[in-house]
Amino acid sequence: MSCYSEAEIAEVVIDIIRNNPGIRTSEMISEARRIMEPSGEDLQILQDRNDDKFSQKVRNIKSHDTLTGMIRTVGEKNRQWYLL
């Protein structure tokens, strides 16, 4: 059962962006999910939310500025992701 850290997901996200510049957040989540195959705790739906822990961790990469200096995003909702 997986319980990926934000840092582990961030490594995959960088590769995804490298191969898909301008990828949207929703597509990023789908691609990261396909590659990492989350299970267990990562698939738990968050209270009062429509998404699971894994998708929230992907979104947190931007909101926590995990990759500051390495990526830029464009837009507010379903933003596009680029490497610097």
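This is a guided tour of a predicted model, one selection at a time.

**Ground rules**

Residue numbers start from 1 along each chain as its sequence is written, and side-chain values use heavy atoms, with hydrogens and water left out. Because the model is predicted, local features need pLDDT of at least 70 and side-chain atom pairs count only at pLDDT 80 or more, while totals for chains, interfaces and linings use all residues.

**Whole chain**

In sequence order the pattern reads α-β-α-α-β-β. The radius of gyration is 12 Å, close to the 12 Å from the globule rule for 84 residues, so the chain is as compact as a globular protein of that length. That radius is taken over C-alpha atoms, and the rule is 2.2 Å times the number of residues to the power 0.38. Along the principal axes, the C-alpha atoms fill a box of roughly 35 × 25 × 20 Å.

Now colour by accessibility. Buried residues are 38% of the 84. Buried means under 20% relative accessible area, exposed over 50%, and partly exposed in between (1.4 Å probe, protein chains only). Turn to contacts, meaning heavy atoms within 4.5 Å. Of the contacts with a separation of 6 or more, 54% join residues 24 or more positions apart.

**The sheet**

Select E1, E2 and E3. The 3 strands make an open sheet, ordered E1-E3-E2, with antiparallel pairing. Strands pair if DSSP finds at least two bridges between them. The edges are E1 (23–24) and E2 (71–74), each pairing on one side only. Helix H1 (residues 6–19) packs on this sheet and touches E1, E2 and E3. The direction of H1 makes about 90 degrees with that of E3. For such angles, axes are lines fitted to C-alpha atoms, for helices over the stretch in contact, and values run from 0 to 180 degrees between N-to-C directions.

Zoom in on E3 (residues 80–83). E2 joins E3 through 4 bridges. Ile 71 is partnered with Leu 83, and Thr 73 with Trp 81. On the E1 side, 2 bridges make the link to E3. There, Ile 23 stands opposite Trp 81.

Stay on E2 and show its side chains. Ile 71 and Thr 73 are on the covered face; Arg 72 and Val 74 are on the uncovered one. The charged end of Arg 72 sits over the ring of Tyr 82, 4.5 Å from its centre. The test is NZ of Lys or CZ of Arg within 6 Å of the ring centre and within 35 degrees of the ring normal.

Follow the chain into the hairpin of E2 and E3. It has 5 residues between the strands. Gly 75 takes a positive phi near 100 degrees here.

**The aromatic pair**

Next, select Tyr 4 and Phe 54. They form an edge-to-face pair, 6.2 Å centre to centre, with 65 degrees between the planes. Rings of Phe, Tyr and Trp (its six-membered ring) pair if their centres lie within 6.5 Å; planes under 30 degrees apart are stacked, over 60 edge-to-face, and the rest tilted. Tyr 4 lies in the segment before H1 and Phe 54 in helix H3 (residues 53–63), so the pair ties together parts 50 residues apart in sequence. Tyr 4 is partly exposed at 22% relative accessibility. Phe 54 is buried at 0%.

Asn 60 is buried, with a relative accessible area of 15%. Beyond its neighbours within four places in sequence, Asn 60 contacts Glu 6, Asp 65 and Thr 66.

Finish at Ser 39, in the loop between helix H2 (25–36) and H3. Ser 39 is partly exposed at 25% relative accessibility. Which residues does Ser 39 contact, leaving aside its neighbours within four places in sequence? They are Met 1 and Ser 2. Draw the C-alpha to C-alpha distance from Ser 39 to Met 1: it is 5.2 Å, across 38 residues in sequence.
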